[in-house]
Amino acid sequence: RHHRDLHSFPARRSSDLLIAGDRRATAGNLIAQRDMDKVFVVDDYSAIGIAGTAGIAVEMVRLFTVEMQHYEKIEGVSLTLDGKANKLAGMVRGNLGGTMRGLAAVPLFVGYDVDAADPDQAGRIVSYDVVGGRYDETLGYHSVGSGSLFARSSLKKLHDPMMDVEAAARVAMEALYDAADDDSATGGPDPVREIYPVLITITAADGAVRMSDEQAGQIANLVMDARKRKPGG
């Protein structure tokens, strides 16, 4: 089973971050699952989004999360943000054999660096390629998956580095809607089944928190109501 998904990462006000992902998984031309989670809280100050082969990607996140918890229990402190990003790069590289057989899994890592000298620069977005190369994204937003081109084009127009978390959530939902509008493997909001994209915020005050489905639904409904008046966004 594969899921060709999208995860969008609007930038932050100061170092606040938001990560969002749609819920659709596909198997060839079929919708295999409508409510799959593609973004996950890893620990108090970081989260991951996934794209690619579903089983491998989800297992990678689970193993990574357990290893971060194990490190903290053994050492008494959390691994640094760079350490987490490098560890994840090694796990992606470890799947190179699967990637060569068409079973690639690519994460996107986002986190707040509690050790940063400048708190305003503590929010970090890290992307990866299929061989484990890691790249710090400096634009303040990024996306991965089959719908990423459409999402990034949307983010490019709507992104504001000083927007608050509420505005970032709306921008992320707009980007996901645009991606679903043009990419068949990206799922848009589903008000009939009450299935909405997953949104996770990361702030210095509250850490990594997943928004409730009710909150996500309210934001999605705002976007859908606006699109009824202006379908092109």
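Predicted model: local features only at pLDDT ≥ 70, side-chain atom pairs only at ≥ 80, totals over all residues.

Mentor: Let us start with a term: helices (H or I, at least four residues) and strands (E, at least two) are DSSP runs, numbered from the N terminus. Residues are numbered from 1 along each chain as its sequence is written, and side-chain values use heavy atoms, with hydrogens and water left out.

Trainee: Okay, and is Ala51 buried or exposed?

Mentor: Ala51 counts as buried, because its relative accessibility is 7%, and the word buried means under 20% relative accessible area, with exposed over 50% and partly exposed in between (1.4 Å probe, protein chains only). To give you a sense of distance, Ala51 and Gly232 are 181 residues apart in sequence, and their C-alpha atoms are 26 Å apart in space.

Trainee: What about Pro107, where is that?

Mentor: Pro107 sits in strand 8, and with a relative accessible area of 1% Pro107 is buried.

Trainee: Which residues does Pro107 touch?

Mentor: Leaving aside residues up to four places away in sequence, Pro107 touches Ile48, Gly49, Ile50, Met60, Leu88, Val92 and Tyr128, where contact means heavy atoms within 4.5 Å. The C-alpha atom of Pro107 is separated by 18 Å from that of Asp44, which is 63 residues away along the chain.

Trainee: Switching to helices, how do helix 4 and helix 5 cross?

Mentor: Two packed helices are described by the angle between their axes and the distance between the axes. Here the axes of helix 4 (residues 148-158) and helix 5 (residues 165-182) come within 8 Å and cross at roughly 145°; axes are lines fitted to C-alpha atoms, for helices over the stretch in contact, and angles run from 0 to 180 degrees between N-to-C directions.

Trainee: And is that crossing of helix 4 and helix 5 left-handed or right-handed?

Mentor: The crossing of these two helices is right-handed; a crossing is left-handed if the near helix is turned anticlockwise from the far one by less than a right angle, and right-handed if clockwise.

Trainee: Which residues meet there, between helix 4 and helix 5?

Mentor: From helix 4 the residues are Phe150, Ala151, Ser154, Leu155 and Leu158, and they meet Val171, Glu174, Ala175, Asp178, Ala179 and Asp182 in helix 5. Glu174 also has a salt bridge with Arg170, at 3.0 Å from N to O, a salt bridge being a side-chain nitrogen of Lys or Arg within 4 Å of a carboxyl oxygen of Asp or Glu. Both Arg170 and Glu174 lie in helix 5, four residues apart, which is about one turn of the helix. Glu174 is buried at 11% relative accessibility, whereas Arg170 is partly exposed at 29%.

Trainee: How many salt bridges does the count come to?

Mentor: The count comes to 16 salt bridges. One of these pairs is Asp82 with Arg124, whose side chains meet at 2.7 Å, N to O. Asp82 lies in helix 2 (residues 81-94) and Arg124 in strand 9 (residues 123-128), so this pair ties together parts that are 42 residues apart in sequence. Asp82 is partly exposed, with 36% relative accessible area, while Arg124 counts as buried at 17%.

Trainee: Last topic, the surface: which residues form a nonpolar patch?

Mentor: Leu96, Met100, Val130 and Val131 form that patch, with about 360 Å² of accessible area together. Patches are made of residues with over 30% relative accessible area and no salt bridge, where like charges are joined within 9 Å and nonpolar side chains (Val, Leu, Ile, Met, Phe, Trp, Tyr) within 5 Å. Accessible areas come from the Shrake-Rupley method with a 1.4 Å probe, and for residues only the protein chains shown count as cover. Leu96 itself lies in helix 3 (residues 96-100) and is partly exposed, at 34% relative accessible area.
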